[in-house]
Amino acid sequence: MKTGFLGNNASFMLDLVACALAVVVPLLVYSLYLVKVRRNYTGHRNLQVLLGVVLLVTVGMFEVDMRLQQGISGILAKRPVPLTAGQRLFFDRILAVHLVFAISTVFLWATTLSLALRRMPAPPGPCPHSPLHKWLGWIAAIDITLTAITGLMVYYFGFIV
Ligand code: HEM
């Protein structure tokens, strides 16, 4: 767990999260294509539930890993060339912005998912909950996209540059 598999001196879990972030957005776009263009509501539901489970498991394991490795500073300490003070300040700022999106995404995602599962019919389809679902769904989709972009920036500026 101490060493990653992408060869950048990050941790295994950080590498896994970076991969998860890179696949989440294409999968989300496909899920929105399914619902908007193909009107495949069941496919959309299944993909969204799968994305929710993947996110929950990845974030949970990542949190444990952070504790085990003395936080982000512990992981950054494994860099062959340490960040300069200026680079570290820039990194901390991106990390702070990323955390705002990441934390709000967890709540928005859980709300969108649980309301849809409780209020929409099975098999799913347009219903009285649709207007609120579409509103929440688009905000959650934008939030997770910003989480992925800023998360990959954190990875890039912390472990690749
Ligand atoms: C966090 C998870 C989810 C997100 C982010 C999400 C996102 C969205 C978005 C953005 C739309 C609107 C597409 C448009 O503009 O036409 C939509 C539509 C829809 N979603 Fe989800 N969705 C999620 C989970 C679910 C679940 C679990 C179900 C089923 C239980 C579901 C069923 C539907 C249905 C039936 C529509 C079409 C509504 C209509 O056209 O009246 N979604 N979803």
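**Exercise 1. At what angle do α2 and α4 pack, and how far apart are their axes?**

The model is predicted, so local features are taken only where pLDDT is at least 70 and side-chain atom pairs only at pLDDT 80 or more, whereas totals for chains, interfaces and linings use all residues. Residues are numbered from 1 along each chain as its sequence is written.

Step 1. Two packed helices are described by the angle between their axes and the distance between the axes. Here the axes are lines fitted to C-alpha atoms, for helices over the stretch in contact, and angles run from 0 to 180 degrees between N-to-C directions.

Step 2. For α2 and α4 the angle is about 145 degrees, and the axes lie 11 Å apart. The crossing of α2 past α4 is left-handed, a term that applies if the near helix is turned anticlockwise from the far one by less than a right angle.

Step 3. The residues that meet are Gln48, Val49, Gly52, Leu55 and Val59 on the α2 side, and Val106, Trp109 and Leu113 on the α4 side; two residues are in contact if their C-beta atoms, placed from the backbone, lie within 7 Å. Sorted by class, this contact holds 6 nonpolar and 2 polar residues and no charged ones, where Ala, Val, Leu, Ile, Met, Phe, Trp, Tyr, Cys and Pro count as nonpolar, Asp, Glu, Lys and Arg as charged, and the others, Gly among them, as polar.

**Exercise 2. Describe the chain as a whole, beginning with its secondary structure.**

Step 1. The chain has 5 helices and 0 strands, and its elements run α-α-α-α-α from the N terminus on. Helices (H or I, at least four residues) and strands (E, at least two) are DSSP runs, numbered from the N terminus.

Step 2. Taken along the principal axes, the box filled by the C-alpha atoms is roughly 55 × 25 × 25 Å.

Step 3. Of the 161 residues in the chain, 23% are buried; a residue is buried if 20 or more other C-beta atoms lie within 10 Å of its own, exposed if 12 or fewer, and partly exposed in between, with C-beta atoms placed from the backbone. Among contacts with a separation of 6 or more, 70% join residues 24 or more positions apart.

**Exercise 3. Which residues of α1 and α2 are buried, and against which elements do they pack?**

Step 1. With 25 residues, α1 reaches 36 Å from its first C-alpha to its last, close to the 36 Å expected at 1.5 Å a residue; the expected span is 1.5 Å times one less than the number of residues. The helix α2, with 28 residues, reaches 41 Å, close to the expected 40 Å.

Step 2. In α1 the buried residues are Met13, Leu14, Val17, Ala18, Leu21, Val24 and Ser31, and they pack against α2, α3 (71-76) and α5.

Step 3. In α2 the buried residues are His44, Arg45, Gln48 and Leu55, which pack against α1 and α4.

**Exercise 4. How many residues surround the ligand, and which are the closest?**

Step 1. The shell has 24 residues, and the closest are Arg45, Ala116, Pro126, Ser130 and Gly137; a residue is near a molecule if its C-beta atom, placed from the backbone, lies within 6 Å of it.

Step 2. The elements that give two or more residues to this shell are α1 (12-36), α2 (41-68), α4 (85-119) and α5 (130-160), and the largest share, 7 residues, comes from α5.

Step 3. By class, the shell contains 14 nonpolar, 7 polar and 3 charged residues.
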